[in-house]
Structure formats: C-alpha cells, structure tokens
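Trainee: Please pick one part and take me through it closely. Then show me how it sits in the whole.

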Amino acid sequence: MNRKSCDQCGVCRECCIVEKLGGEAITTILSGDSETGAWNCANCWKCIESCPAGFDIYLAIIEHRRAEKAPASYREALDNICHYGYIFPMEEIDRIREMWRLPPVRQVDPKIIRMLTRKCQLIPPDNKDDDSSV
Amino acid sequence: MEKRLLFPGCLVFARFQEYELAAKAVLKRLGIELVDMDGFSCCSSSIVPPFSSDWINLPAYNLALAESRRMDIVTLCGSCTRSLRLTQQQLAGDAVQLEEVNRRLAEVGLEYHGSAGVSHIIEILAGRLDKIAAGATRPPGYRVALSHPCNVIRPSAALRFDDPWKPRKMRDIVEAAGATLVDYDLEFECCGATLMMVDEEWATRAARAKLHSALDAGADLMVVSCGNCFLSLGRMQDRLGPDEPELPVMFLPQLVGLALGIGKEALGLS
C-alpha cells in the first residue's frame, strides 16, 4: 500500500462523481470511511487531478480493486478481451460495416492476444496475479 | 496527402460507425487520410489493469503495430487515448519494463521503440482551427452544449492536452465551425458512462443530470467526442422515461463536417 503520502484532506471526495451520487469510491476508502468501493468509478480521474499531495491514487485504485471481487461486467469484458481481443465479440462487424459502406478491417488474431495476455487467463474470478506490479 | 492510422477502439468499432465515417470525411477535407488499422486490438482500457500487469502488452502491441506501418495514430475515444499515452510514458521511463514488453512483442513479430505518435481527434482539429474557420461556409445554426472526454484531458500530468478542469479545445473547434456555444452548469462534469458497469441507476442519474443542465441552459444539441459520452448522453436517453425531454447528440466531426459543407450521408447523419 502506498498511502503514506495521502493526507486524507478530502479534496478528492468533493470532485468524485460516485460520491456525489451517494456511493462509496476509492476516495471514500482513502479517507478511512469505507473498506470497499474501488470498482465504483467513472474513470474521470478528477481525484488524481485534484490531489494536492501528488499521491498516486491510480496505483491505490489498482491495489484496492485487486483486493476486492470484480463486478461481473468487468470479468465478462476481460474474458472477451482475452478471447477475441476486444471488449465485445465482433462476429457481425463486417456485415454492419458494409451497411455503412465501410470496408472490412482485419481483426486481431486471437493467438496474438493469447500470447500477450498469458497472465490474464489465470486471473478471474478471484483477481489473483502472480505479479503485483502495475 | 498525409496519412495516419485510425485506432477506433472497441466501442466505436462495434457501435458507432457514424463517428468513424465523419472522422474520415472531415480529416480528408483537412488534408489527412485516415487508414484503417488492420489487426488492432483492445487498448486494455480500464478493464485489464486491475487484473494483471500484462495489461501493458496490449497498448504496446498497438503502438508497435503502428510503428511497423510507419504511421502515427488518431484516436476517437477517451479511454484508448489515455491508455496509449500512459503506455508511451511508462515505457519511456522504465527500461526494464520496456525490455520485458519487447520480449513478449517479439513472440508476435513486433518491437516497440516509441516512435508512433497518438492524437485524439480533438487535438487534430484544434491544430487546424484556421482551416476549419476558412472552410466553414455553412455554420450550423445549433445552440451547442459540449461534453468533454475525461480520459483525453486527465490526468493532465501524463496527457498534457488541455486545461484539466475547464478544457477549451472542443470549444475552440465548435466556435471555428461557426456554431453557438451554450455554457451550462455541468459542462465539465463526467458523463458517467462507465458507471453502467457497476450501477445502472448511478449511470442513468449522471446522464439525466447532465442532459437537464444543458437543456435548462437553452442547448438544442449535445456534441461529444468519445464513444462512452455518446453511449451515456445519446443512447441512454431511451432509458430516462417517456416524459423526459429529448436532446439530440452528435459527434464532434459530424458538426464540423456540416459546417464544412460535407453531405449528411458522408457524415453518418442521414
């Protein structure tokens, strides 16, 4: 954990959209008011931008997400990426592009994705990683 | 004509062909041919990093692929832009990780050197304001509210793109195109699209608040430059309820294309 330089000043809480919506996020965790919520994030990165201490909130987000169970939507997206190379399956894409009069684009070879994401194959559903570096 | 590789990202590639069409048509008018990026993959987005340090191999693969074709990349989404830019920064400052990434890339016949540039389409258009203003013979008569893509501007230390709290570049582009800008309270708030992955109610409330804020200020068009923003502010309007007022949503190059006199069909608007 790299919380040493977080002064718990609360500035990041004021700009977090999840907190504004009444939820708990990484900003709530850092302030000590919650144990969980690291996956509740809109990826707006205002927390990082606002931190007067220059604390690495992104690293904290990753660390906390690895300690919490990932939502099913993220696990499904990871599964798609590791299998197809994209967040969604793209079976119909050539037909859709033809309707828009766009030429086909060659999709990535899934073998390439398997080579590049070897460790990812082992991760879901319990988020374990044999290399904790970000 | 200058050529650049179009990195559409998963979301635009799968769901927003009109954005791709308009981007290609407008940049062609401005002297840039966008070339389809055969073999591109997901950039890892915010999905892969929490699961594995292998996340960096995907953006590095795409950057190395662009290098092998000797072209810079143009992005259309925020998340892809951030992922590719952060990877460039990380690999530039970590020789050990660079070596490890290149060992993996060698298995697929590629090598990363860091020579391919990455620009979001806002950056391309903002660098050609004079051309847009000179060619804007048909200024769109809309009162435009903007949604700025968070991942293109923050964290600013890494992206070095625009003011991280009150970004200006989209505003400059819309003004050059001759449309009227509408200031509204939630202009610089996140659209909340990614919240859909954890809580549909939060995502809906974020979108509703932003749309109402723009409508209350008198906007008759929302303009976005990210697939996620369109997902939230455009496609999610169907879920807001039958009594909710509607606000049309357009991608930035579609608005610029109209100003430049490009036909609606070529901009995916017909």
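**Salt bridges and their surroundings**

Mentor: B:Arg168 is partly exposed, with a relative accessible area of 37%. Here buried means under 20% relative accessible area, exposed means over 50%, and partly exposed lies in between, using a 1.4 Å probe and protein chains only. This is a predicted model, so local features need pLDDT of at least 70, side-chain atom pairs count only at pLDDT 80 or more, and totals for chains, interfaces and linings use all residues. Residues are numbered from 1 along each chain as its sequence is written, chains are lettered from A and ligands numbered from 1 in the order in which they are written, and side-chain values use heavy atoms, with hydrogens and water left out.

The partner of B:Arg168 is B:Glu175, in a salt bridge at 3.6 Å, N to O. A salt bridge is a side-chain nitrogen of Lys or Arg within 4 Å of a carboxyl oxygen of Asp or Glu. B:Glu175 is partly exposed too, at 43%.

Now a second pair. B:Asp183 and B:Arg171 meet through their side chains at 2.7 Å, N to O. B:Arg171 sits in helix H10 (residues 169–176) of chain B, and B:Asp183 in the loop between strand S6 (180–181) and helix H11 (200–216) of chain B, so this pair ties together parts that are 12 residues apart in sequence. Helices (H or I, at least four residues) and strands (E, at least two) are DSSP runs, numbered from the N terminus. B:Asp183 is exposed, at 55%. B:Arg171 counts as buried, at 13% relative accessibility.

Next, a pair across the chains. A:Arg101 forms a salt bridge with B:Glu265, and their closest N and O atoms are 3.1 Å apart. A:Arg101 lies in the loop between helix H7 (93–99) and H8 of chain A, and B:Glu265 lies in the segment after helix H13 (252–259) of chain B, so the pair joins two chains. A:Arg101 is exposed, with a relative accessible area of 69%. There is also a network of salt bridges, which links A:Arg97, B:Glu20, B:Lys24 and B:Asp36. Between chain B and chain A the count is 6 salt bridges. Over all chains, the structure holds 23.

What lies around these links? In the interface, 60 residues of chain B are in contact with 60 residues of chain A. Contact means heavy atoms within 4.5 Å. The two chains bury about 5,600 Å² between them, and carbon and sulfur atoms give 64% of that.

Turn to chain A. The secondary structure comes to 8 helices and 0 strands. Of the 134 residues of chain A, 51% count as buried. The domain assignment gives domain 1 (3–67) and domain 2 (72–122). Such bounds come from an automatic or database domain assignment. The centres of the two domains, taken over C-alpha atoms, are 31 Å apart.

Helix H6 (residues 72–84) of chain A has 13 residues, which should span 18 Å at 1.5 Å a residue; the end C-alpha atoms are 18 Å apart, which agrees. The expected span is 1.5 Å times one less than the number of residues. Buried residues in H6(A) are A:Tyr74, A:Ala77, A:Leu78, A:Asn80, A:Ile81 and A:Cys82. Their cover includes helix H5 (57–67) and helix H8 (110–116) of chain A, together with helix H3 (57–68) of chain B. A:Gly85 follows H6(A), with a positive phi near 95°.

Last, the nonpolar side. The largest nonpolar core has 129 residues, and B:Leu105, B:Leu125 and B:Met222 have the most contacts inside it. H3(B) gives the most to this core, with 7 residues. A second, separate core of 16 residues includes A:Cys6, A:Ile57, A:Tyr58 and A:Ile61. A nonpolar core is a set of buried Ala, Val, Leu, Ile, Met, Phe, Trp, Tyr and Cys residues joined through side-chain atoms within 4.5 Å. Setting aside residues up to four places away in sequence, B:Leu125 touches B:Val26, B:Leu27, B:Leu30, B:Ile132, B:Ile173, B:Leu252 and B:Val256.

How values were computed
Buried area = accessible area lost by both parts, 1.4 Å probe.
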